[in-house]
Amino acid sequence: MEFSKITAPSLKDLFVQQLEEKILSGELPVGSKIPPERELAEKMRVSRAVVNGGINELSQKGFLEVLPRQGTYVADYSRNGNL
């Protein structure tokens with residue numbers, strides 16, 4: 001009998017998954033501003049490093065647009081996304 005390795009998703013992966021679901025469901029509509037990293041980290045009870053890494057990944061996928069000194073906004077993923 002063979003068993004395969006069991007792996008659990010990282011906190012960053014869970015963060016990315018949760019935000020993707022909120023964006024795709026329309027709970028976070030295109031153009032809406034998401035809370036600052038510090039606030040998200042407190043609400044989700046994770047470190048800012050987890051939030052920062054997740055935001056960077058979502059930005060690379062085309063779900064978020066990070067504007068320095070202005071905030072992070074939900075991008076038009078249907079045009080810019082690369083699932």
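**Ser-32 and the overall fold**

Ser-32 lies in the loop between α1 (11–25) and β1 (33–34); helices (H or I, at least four residues) and strands (E, at least two) are DSSP runs, numbered from the N terminus. The model is a predicted one, in which local features need pLDDT of at least 70 and side-chain atom pairs count only at pLDDT 80 or more, while totals for chains, interfaces and linings use all residues. Residues are numbered from 1 along each chain as its sequence is written, and side-chain values use heavy atoms, with hydrogens and water left out.

**Chain architecture**

- The chain has four helices and three strands, and its elements run α-β-α-α-β-β-α from the N terminus on.
- The C-alpha trace spans about 55 × 30 × 20 Å along its principal axes.
- Of the 83 residues of the chain, 27% count as buried; buried means under 20% relative accessible area, exposed over 50%, and partly exposed in between (1.4 Å probe, protein chains only).
- Among contacts between residues at least 6 apart in sequence, 52% join residues at least 24 apart, where contact means heavy atoms within 4.5 Å.

**Ser-32 and Thr-72**

- Ser-32 counts as buried because its relative accessibility is 18%.
- Leaving aside neighbours within four places in sequence, Ser-32 is in contact with Thr-72, Tyr-73 and Val-74.
- The C-alpha atoms of Ser-32 and Thr-72 are separated by 8.6 Å, although the two residues are 40 apart along the chain.
- Thr-72 is found in strand β3 and, at 12% relative accessibility, counts as buried.
- Not counting residues up to four places away in sequence, Thr-72 touches Ser-32, Lys-33, Ile-34, Ile-55, Leu-64, Glu-65 and Val-66.

**The largest pocket**

- About 160 Å³ of space lies in the largest pocket.
- The closest to the centre of this pocket, of the 14 residues that line it, are Glu-37, Ile-55, Val-66, Gly-71 and Thr-72.
- On a 1 Å grid over the protein atoms alone, a pocket is an open set of points where a 1.4 Å probe fits, with protein on both sides within 12 Å along at least five of seven lines, and lining residues have an atom within 4 Å of a point.
- Grid points are joined across faces, edges and corners, and a volume is the space filled by probe spheres set on the points.
- At least two lining residues each are supplied by α3 (48–61), β2 (64–67) and β3 (71–74), and the largest share, three residues, comes from α3.
- By class, the lining divides into seven nonpolar, five polar and two charged residues; Ala, Val, Leu, Ile, Met, Phe, Trp, Tyr, Cys and Pro count as nonpolar, Asp, Glu, Lys and Arg as charged, and the others, Gly among them, as polar.

**Packing of α2 against α3**

- Two packed helices are described by the angle between their axes and the distance between the axes.
- The axes of α2 (residues 37–44) and α3 come within 8 Å and cross at roughly 115 degrees; axes are lines fitted to C-alpha atoms, for helices over the stretch in contact, and angles run from 0 to 180 degrees between N-to-C directions.
- The crossing of α2 past α3 is right-handed, a term used if the near helix is turned clockwise from the far one by less than a right angle, and left-handed if anticlockwise.
- Glu-37, Arg-38, Leu-40 and Ala-41 in α2 meet Arg-48, Val-51, Asn-52 and Ile-55 in α3.
- This contact of α2 with α3 has four nonpolar, one polar and three charged residues.

**Gly-54 in α3**

- Gly-54 has its place in helix α3 and counts as buried because its relative accessibility is 0%.
- Lys-12, Phe-15 and Val-16 are touched by Gly-54, not counting residues up to four places away in sequence.
- Gly-54 and Leu-19 are 35 residues apart in sequence and 8.9 Å apart in space, C-alpha to C-alpha.

**Loop residues with positive phi**

- Most residues other than glycine have a negative phi.
- Arg-45, in the loop between α2 and α3, has a positive phi of about 55 degrees and is exposed, with a relative accessible area of 78%.
- Arg-69, in the loop between β2 and β3, has a positive phi near 65 degrees and counts as exposed at 90% relative accessibility.
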